[in-house]
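Dear colleague,

Please find below the structure that I am handing over to you, followed by a summary of what was found in it.

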2 protein chains.
Amino acid sequence: MALKPIKQEIKAAVDSAIFTVKDGKLMVLLIEMTKKPYEGFWALPGGLIEQKETTLEAAVRILEESTGVKNVYLEQLGTFDAIDRDPFARTISVAHIALVPEKDVALQIGEKYADVRWWSIEKLPELAYDHKHIAHVALDRLRAKLEYTNIVWSLLPKEFTLTNLQAVYEIILGTEIDKRNFRRKILALKLLEDTGRLQAGEANRPAKLYRFKQRKLQYIDII
Amino acid sequence: MALKPIKQEIKAAVDSAIFTVKDGKLMVLLIEMTKKPYEGFWALPGGLIEQKETTLEAAVRILEESTGVKNVYLEQLGTFDAIDRDPFARTISVAHIALVPEKDVALQIGEKYADVRWWSIEKLPELAYDHKHIAHVALDRLRAKLEYTNIVWSLLPKEFTLTNLQAVYEIILGTEIDKRNFRRKILALKLLEDTGRLQAGEANRPAKLYRFKQRKLQYIDII
DNA sequence: ACAAAAGTGTTGTTACTACACCCATGG
DNA sequence: CCATGGGTGTAGTAACAACACTTTTGT
């Protein structure tokens with residue numbers, strides 16, 4: 001398509017903002033880097049894409065390498081390509097968002113990293129490349145999408161109480177929600193079904209367990 | 001970031017879905033290709049990105065080359081990277097959406113194309129590569145964004161009547177809207193201001209001319 | 001005077017917010 | 001019997017949909 005053939009020396013990478021809710025906080029997974037000039041910095045898990053894989057496949061691969069999880073929610077966030085975003089080479093990064101239920105995760109410290117762990121999005125360490133920017137855009141997208149889709153399912157175990165669900169909304173949005181109004185609204189959406197079972201073992205009245213009717217992305221009809 | 005250095009042979013391109021409203025229809029700009037195997041096919045304007053430009057800069061450049069317009073609304077749509085999307089080489093395409101007011105455009109048939117023209121999105125010709133898919137995703141995004149942002153400004157001239165504005169909504173959304181409800185709602189958003197002037201020369205009562213207070217993207221508060 | 005588009009209000013319905021008490025269980 | 005979180009209803013307000021006639025201009 002180009003008028004004159006252009007000799008491109010551009011690399012294509014993926015980076016993933018992997019979120020979970022843990023200890024009452026929204027967390028993002030970061031890896032600690034070993035190479036200069038970013039030794040000691042943290043970064044979103046990522047890597048170059050291989051010749052015969054799509055960016056989504058690369059994101060799936062990298063997600064499994066760092067967390068051991070499969071079959072989680074994953075979507076493309078966007079492509080970040082500031083010319084100097086990577087000091088080593090001109091690299092464009094196709095960023096993704098992944099959402100995982102905390103208990104599914106078994107963190108794996110790859111040989112190329114110093115460390116891998118969850119960080120609260122409220123206090124992130126210094127990040128390599130443009131990853132602070134990517135993380136910020138990812139968080140905005142997550143918050144927005146919570147409002148008009150059913151993505152929360154991807155952060156919750158198969159069965160959960162309405163209080164669990166409300167807590168996830170409150171944590172991500174950073175707001176308090178009235179319990180009665182929340183329940184009326186979420187049930188009116190007909191996304192959930194009652195499992196007929198109760199949560200046992202707590203020192204209080206047992207809560208009903210619900211599940212999502214569909215564990216895949218649905219847009220909520222605002223009209 | 002990669003464990004072993006990977007020899008990548010991946011090219012990075014941009015493609016743009018350039019929309020306008022013309023003759024009461026939503027149109028997209030296509031170029032007719034000259035090279036095999038896509039000779040005679042139409043495609044979204046695009047090209048490889050250059051070493052020292054960002055994808056957004058490349059999209060701006062290509063937009064100006066094909067339409068002569070500058071300073072129009074342009075946003076990244078997403079990256080399309082199916083492995084076999086381009087039969088010549090592994091190419092990932094960062095697709096963009098551009099919105100232009102029809103009267104600003106002076107189409108320019110570049111030397112590398114057989115033809116350039118507007119096509120109604122209702123009846124597109126056969127498209128090269130995965131451009132049918134990209135065009136479809138672009139249209140979905142445009143429709144969605146019409147609902148929660150003020151992007152319409154980018155399709156209208158500086159001054160316009162409320163009827164003009166309503167027509168653009170109806171054309172893009174493909175629905176009819178009640179005139180009274182539409183006016184009440186759009187004015188309540190406080191995005192418009194009355195210019196104090198009237199449209200003259202029509203064989204009917206002259207309509208007030210309005211303009212957007214801000215000609216840049218704003219999100220509409222749903223709350 | 002006629003055609004053509006501009007402009008304008010009301011009513012019924014539905015969704016949203018704010019708010020406080022009783023219930024079932026474990027210890 | 002007490003502490004803990006689970007569960008429920010109502011009233012006032014705001015937003016929305018549906019609907020028809022009068023006004024101003026050019027010809």
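I begin with one loop of chain A. A:Lys190 is placed in the loop between α4 and β8 (192-198) of chain A; helices (H or I, at least four residues) and strands (E, at least two) are DSSP runs, numbered from the N terminus. Phi of A:Lys190 is near 60 degrees, a positive value in a residue other than glycine. With 60% relative accessibility, A:Lys190 counts as exposed (buried means under 20% relative accessible area, exposed over 50%, partly exposed in between, with a 1.4 Å probe and protein chains only).

Please note that this is a predicted model, in which local features need pLDDT of at least 70 and side-chain atom pairs count only at pLDDT 80 or more, while totals for chains, interfaces and linings use all residues. Residues are numbered from 1 along each chain as its sequence is written, chains are lettered from A and ligands numbered from 1 in the order in which they are written, and side-chain values use heavy atoms, with hydrogens and water left out.

A positive phi near 55 degrees is also found at A:Asn71, a residue other than glycine. A:Asn71 belongs to the loop between α1 (55-67) and β5 (73-80) of chain A and, at 80% relative accessibility, counts as exposed. Most residues other than glycine have a negative phi, and most peptide bonds are trans. The bond from A:Lys36 to A:Pro37 is cis, with omega near 0 degrees, and a cis peptide bond joins B:Lys36 and B:Pro37.

Sugar and phosphate account for 41% of the atoms of DNA strand C that come within 4 Å of the protein. α4(B) gives the most to the surface near DNA strand C, with four residues.

Finally, chain B is superposed on chain A by a rotation of 180 degrees with 0.0 Å of shift along its axis (RMSD 0.1 Å), using least squares on the C-alpha atoms of residues with pLDDT of at least 70 in both. That is the relation of a two-fold axis.

With kind regards

Conventions:
A residue is near a molecule or strand if one of its heavy atoms lies within 4 Å of it.
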